[in-house]
Amino acid sequence: GSWRTKKTNFAIGVSLTNPFGYLSSWPEEWKGRFIVQESSIRVYHLQPTISYRINEQWGIGVGVTGTLGSYLLRRALPVSGKDATEGNSELSGRGFNAGVNVGIYYRPSSSVSFGVSYKSAMKLDITDGTASFAVPASLQEAYPTTSIQTSLNLPQNITFGFAYYRPTFTLAMDLSFSDWRKFESQEIIYEAETSLIENEVFNRQFTSSFSVRMGGEYILTEKIALRAGWYYNSSPVPDGYLSPEFPDADVVGLSGGIQIPLASKLSMDLSYEYEFSGERTDLLKDAAFGGTYIGSSNSIGLGINYTL
């Protein structure tokens, strides 16, 4: 949402987005169950921003990025009871932190505009997490429910954008860089260590990644707009560190959409997106576990717009 009055050059806006995250779920008895059965990271950004239009060509903006994240890792344990049922562990927790965002906008003519934005890196500390275990009664003392601490290093992002305008057509594109290099490892610290529960370190060794996005909008009639887009996201996961916990790969996406009026100040956006990645075969060196992964997704979107 954004707000601006005609009598001032200031504007304010706020967004709620889900810029990072994944969810992987595997069969309970699959051969990689001691690495992962279910895993997820969900990151949400609440971003209030204020901008100032310096003149007809230049504008600047600055804001705060409040980040809420959650972490889950569920996996089997190599212990079993008399009925041969394997044990299970679940690690979960939430964390909060804040960063900054800055943007510059430049429109040298009515048909062209440029922009650049920056979002700071942040360390998302999860200090109130929980580790719970389902094990045979004879091992419960060695696997007590306990609190955990861990952290996720989220990247700094810089994005360059360009747009070209015509009376009935707009073409936009941007190039974004994400610096994941600080996400070298993830440590799980258990408050209660035992002979069978020890602190863990997951070797990540992420690298920088980039995204290229292009989109166009065509004004079909005075009130109906058609849209189409394409994007490419490179993976920050290097060879040798591809885990079934998050089997990431380079991704290509295609999208289409339409805006339809509902009332004088009310409109509706409908969108569809197809995302796919090619086959990626690699080895998780630390666990000596390899595989070939391929993925795709279909997304349908609905947006409601109201103009004051």
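**Pockets, a cavity and a core**

Mentor: Welcome! The second largest pocket of this predicted model holds about 680 Å³ of space.

Trainee: Which residues are closest to the centre of that second largest pocket?

Mentor: There are 27 residues in the lining of the second largest pocket. Of these, the closest to its centre are G1, S2, I12, G13 and V14.

Trainee: Which strand gives the most to the lining of the second largest pocket?

Mentor: Several strands take part: β1 (2-3), β2, β3 (38-53), β4 (58-80), β5 (86-109) and β6 (112-119) each supply at least two residues. By class, this lining divides into ten nonpolar, 14 polar and three charged residues. The strand that gives the most, with six residues, is β2.

Trainee: Now for the largest pocket. What is its volume, and which residues are closest to its centre?

Mentor: The volume of the largest pocket is about 1700 Å³. Its lining has 50 residues, and the closest to the centre are P19, F20, G21, Y22 and D248.

Trainee: How many residues does strand β2 give to the lining of the largest pocket?

Mentor: The lining of the largest pocket divides into 24 nonpolar, 21 polar and five charged residues. Strand β2 (residues 10-25) gives the most to this lining, and its count is nine.

Trainee: Which residues line the largest cavity?

Mentor: The volume of the largest cavity is about 30 Å³. Its lining has four nonpolar, three polar and one charged residues. They are F20, H45, K119, S120, M122, L154, P155 and N157.

Trainee: Let's turn to the largest nonpolar core. Which strand gives it the largest share?

Mentor: This core has 35 residues, and Y71, L91, F133, Y143, I188 and Y190 touch the most other members. The elements that give two or more residues are β2, β3, β4, β7 (122-134), β8 (146-154), β11 (185-190) and β17 (289-306). The largest share, five residues, comes from β7.

Trainee: And which residues are in contact with Y71, leaving aside its neighbours within four places in sequence?

Mentor: Y71 is one of the core residues that touch the most other members. With neighbours within four places in sequence left aside, its contacts are S40, I41, L91, S92, G93, I126, T150, Q186, I188, F202 and E245.

Notes: Residues are numbered from 1 along each chain as its sequence is written. This is a predicted model: local features need pLDDT of at least 70, side-chain atom pairs count only at pLDDT 80 or more; totals for chains, interfaces and linings use all residues. Side-chain values use heavy atoms; hydrogens and water are left out. On a 1 Å grid over the protein atoms alone, a cavity is a set of points where a 1.4 Å probe fits but cannot get out, and a pocket is an open set with protein on both sides within 12 Å along at least five of seven lines; lining residues have an atom within 4 Å of a point. Grid points are joined across faces, edges and corners, and a volume is the space filled by probe spheres set on the points. Ala, Val, Leu, Ile, Met, Phe, Trp, Tyr, Cys and Pro count as nonpolar, Asp, Glu, Lys and Arg as charged, and the others, Gly among them, as polar. Helices (H or I, at least four residues) and strands (E, at least two) are DSSP runs, numbered from the N terminus. A nonpolar core is a set of buried Ala, Val, Leu, Ile, Met, Phe, Trp, Tyr and Cys residues joined through side-chain atoms within 4.5 Å. Buried means under 20% relative accessible area, exposed over 50%, partly exposed in between (1.4 Å probe, protein chains only). Contact means heavy atoms within 4.5 Å.
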